[in-house]
Amino acid sequence: MGHTYTLQLHTGSFVHQMHTFDEIKEKAERIVKKIKISDIILGWNTDKNLNKQLVSYFHEKGIRVLLWLPVLSETEQVRDTTMITTVNGKQGERVNVIEHESFSFSCPGTQQNIKHVIDIYEEYFSDIPFDGVFIDKIRFPSFANGYEEGFGCFCKACQEKLTGIDLDELKLLIHNHDHSLLEGEYDEYGIYHFSHFNVDNFYKKRAHIITDYITALANYFSSHHLIVGADIYAPFLAYHVGQDTRKISEVVDFIKPMMYRYTEAPAGMRYEYNAYIKNFTDTSCFAEYWDHDPASDESIKKQLAFLSDLPAHVFPGIEMNPIEGICSTDQSKLKQNLELFKDYPIISLCWDLMQMDETFLNIL
């Protein structure tokens, strides 16, 4: 089909290495012979020797290598990060759905948490010749983390950024699961404009917090002559977790929207959608827009319109790996996805090179 692909390679968490160099090389050798790969996004284990070997290996193949770096989750394993504070004043809880991945979130409005990410990069990765950095988990928690966490952080630093918002009214709306927390409509860029003024202003401020956080990191990495990529939720939900896709695309080189249609785990489109709408008694305005299924072919086409004319490159992320209990993709579904995303010259195959079913390669 003439596509070029990016692949992700999960080497393990910050504190747990999953594979040896020889294991990765054996798997990668078979894959790079069959498909055209522009970039490998690998991480985020901190073993310097492993990372240097991998970067050298892929560079010899003419493939760029980007560091896969989660920033608002996972970092609590190696730094004393400030976690989010829910609307009821509780610390965000740890959520484990995928082995060796954390979905507990730190506060994006705290300057110290930006410094922690930079410190992690400088301590573990700065002396390795990566071509770029792919920043992941750059959002507030979704409702998959629970209803309260779905509204983000209400720590002192974040509340100071929520100027012009009647927080008492907002908290009452949240407590009552009020319909105004859902009612609104999308504009041509995928920004969701809430009908309730106070709610709409709240979501604008949330998006500013996330954009400012990403901008600070993107400026740092760009100043070190690194390509910067960003992991983004599928357009139907991106703004609801604080991601203003257009603003983010103005400060990074590429975005990878997670168009995960067959995943029953965080970022899976139907998984996240169901976690969102179950909290409200009247979901008609939201559900009808997506025909009750944001991962349908027609819904995908609507979302691709949101991604048109962005300043950054767009490399849609589609599932490549069937994973028992998590991802139900198969060869037929992969073919359907490739047809839907045929206009994108570069596609991200997700998630993990080491779990890739090689029989699928003949379709690419």
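Predicted model: local features only at pLDDT ≥ 70, side-chain atom pairs only at ≥ 80, totals over all residues.

Trainee: Where is His240 in the chain?

Mentor: In the loop between helix H7 (235-238) and helix H8 (245-249).

Trainee: Why is His240 called buried?

Mentor: Its relative accessible area is 2%. Buried means under 20%. His240 is therefore buried.

Trainee: What makes the pair His240 and Tyr276 a polar contact?

Mentor: Their side chains are joined at 2.9 Å. The cut-off is a pair of N or O atoms within 3.5 Å. The pair qualifies.

Trainee: Now helix H11, residues 297-306. Which of its residues are buried?

Mentor: Ser299, Ile300, Gln303, Leu304 and Phe306.

Trainee: How do you know that the buried residues of H11 line one face?

Mentor: Look down the axis of H11: the buried residues fall within an arc of 140°, so they line one face of the helix. The background is simple. An α-helix has 3.6 residues a turn, so residues three or four places apart point the same way.

Trainee: What covers the buried residues of H11?

Mentor: The cover includes strand S5 (184-186), H7, helix H9 (269-277), helix H10 (284-289) and helix H12 (331-340).

Trainee: Next, the cysteines. How many disulfides does a search of the whole structure find?

Mentor: It finds 0. Take Cys107: the nearest cysteine sulfur, that of Cys158, is 3.5 Å away. A disulfide needs the two sulfur atoms within 2.5 Å. Cys107 is in no disulfide. Cys107 is also buried, at a relative accessible area of 0%.

Trainee: What makes strand S11, residues 346-350, largely enclosed?

Mentor: The count. 5 of the 5 residues are buried, so S11 is largely enclosed by the rest of the structure. Both faces are covered: Ile346, Ser348 and Cys350 lie on one side, Ile347 and Leu349 on the other. As background, side chains in a regular strand alternate between the two faces of the sheet.

Trainee: Why do strand S10 (residues 317-319) and S11 count as paired?

Mentor: 3 bridges join S10 to S11, and the strands run parallel. Pairing takes at least two bridges, so the pair passes. From S10 the chain crosses through H12 to S11, a right-handed β-α-β crossover.

Trainee: How many bridges pair strand S1 (residues 4-10) with S11?

Mentor: 4, in the parallel sense. There, Thr4 stands opposite Ile346.

Trainee: Last, strand S3, residues 64-70. What makes S3 mostly covered?

Mentor: 6 of its 7 residues are buried. Strand S2 (residues 37-43) runs parallel to S3, joined by 4 bridges. Leu42 stands opposite Leu67 in S3. The chain goes from S2 through helix H2 (residues 48-60) to S3, and this β-α-β crossover is right-handed.

Trainee: Which residue of strand S4 (residues 132-136) is the bridge partner of Leu67?

Mentor: Val133. S3 and S4 pair in the parallel sense over 5 bridges.

Methods
Residues numbered from 1 in each chain as written. Heavy atoms only, no water. Buried < 20%, exposed > 50% of the residue type's maximum accessible area, 1.4 Å probe, protein only. Polar contact = N/O pair within 3.5 Å; in protein donor to acceptor, adjacent residues only side chain to side chain. Arc of directions from axis to C-beta. Contact = heavy atoms within 4.5 Å. Right-handed = clockwise from strand over helix to strand, strands pointing away.
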